[in-house]
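I opened my notebook for a first look at this structure. Here is what I looked up, entry by entry.

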Amino acid sequence: MLCLSLILALPAIARAAPAASACVGAILDARYIDPTDRYPHGALGDPWEWAALSVTFRLTPPCLTGEVGAVVTLPADLVFEDVAPKLADLDGDGTPEILTVESQRDRGARLAVYKYSGGKLRRVATTPHIGQRNRWLAQLGAADLDGDGAIEIAYIDRPHLARTLRIWRYRNGALTPVADAPNLTNHRFGEPGLSGGIRTCAGAEPEIITADANWFRIIASTLRGGAIARRDIGPYTGPESLTDALACR
């Protein structure tokens with residue numbers, strides 16, 4: 001069971017906690033905390049993963065002004081195996097959900113979505129675990145990739161092994177698979193950061209930017225009619241080439 005705690009950080013004149021989740025506004029900070037070596041995979045270049053997720057929100061009227069923080073601490077068989085949480089308003093309520101990667105001791109990684117509701121930070125949706133220890137996924141981002149009004153989430157399943165782009169759709173509080181594409185990646189084993197992401201250049205549809213499986217070419221992928229279309233947009237010459245592509249340069 002998740003261990004949940006609420007941390008208040010309010011000005012001296014504002015002592016009361018928020019009466020409802022409607023009082024929670026912008027996310028001021030989201031980060032993983034409490035490093036742990038209980039899952040020694042090392043995909044990101046060190047022996048440490050994270051035992052907890054900390055999120056700080058701004059309070060809005062009718063609540064008193066200030067900030068409220070929530071922390072989720074995972075059970076001993078789970079860790080957050082990720083560079084940083086990603087934020088995306090998946091349900092259109094004006095407050096972003098928090099996208100994380102959780103890895104389980106025996107079943108490997110899954111995407112997990114958290115939302116602040118009812119005074120707590122709750123896990124509201126997940127993909128299945130990959131199915132084996134030390135099998136990981138690397139986030140790319142979230143956007144309405146096909147213009148249908150729902151938000152899709154993209155990641156690379158096993159960027160060092162399967163090298164498969166997977167797209168899931170978030171709708172009505174659940175994640176459903178949409179499309180997959182092989183021979184794409186966004187991470188080399190042992191590197192501390194991720195490459196690529198989702199871009200929207202002027203007048204264009206959203207594109208998922210990755211390298212090909214061999215790190216020779218930069219690939220832009222789009223979601224059309226429930227399938228992934230891809231195009232080669234130039235050579236991969238180092239991390240800066242993916243950064244430039246992501247910035248539409």
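How many residues lie between β11 and β12 in their hairpin? I found six, and arginine 158 in that turn has a positive phi of about 50 degrees. I am reading a predicted model, where local features need pLDDT of at least 70, side-chain atom pairs count only at pLDDT 80 or more, and totals for chains, interfaces and linings use all residues. Residues are numbered from 1 along each chain as its sequence is written, and side-chain values use heavy atoms, leaving out hydrogens and water.

I then checked its partners (strands pair if DSSP finds at least two bridges between them). β11, residues 151-157, pairs with β12 in the antiparallel sense over seven bridges. Seven bridges also join β12 to the antiparallel β13, residues 174-181, and there isoleucine 167 stands opposite alanine 179.

Last, I turned to salt bridges (a side-chain nitrogen of Lys or Arg within 4 Å of a carboxyl oxygen of Asp or Glu). I noted 19 in the structure. In one of them, aspartate 148 meets arginine 171, with the closest N and O atoms 3.4 Å apart. This pair links distant parts of the chain, 23 residues apart. Aspartate 148 is partly exposed at 35%, and arginine 171 is partly exposed at 42%.

Methods
Helices (H or I, at least four residues) and strands (E, at least two) are DSSP runs, numbered from the N terminus. Buried means under 20% relative accessible area, exposed over 50%, partly exposed in between (1.4 Å probe, protein chains only).
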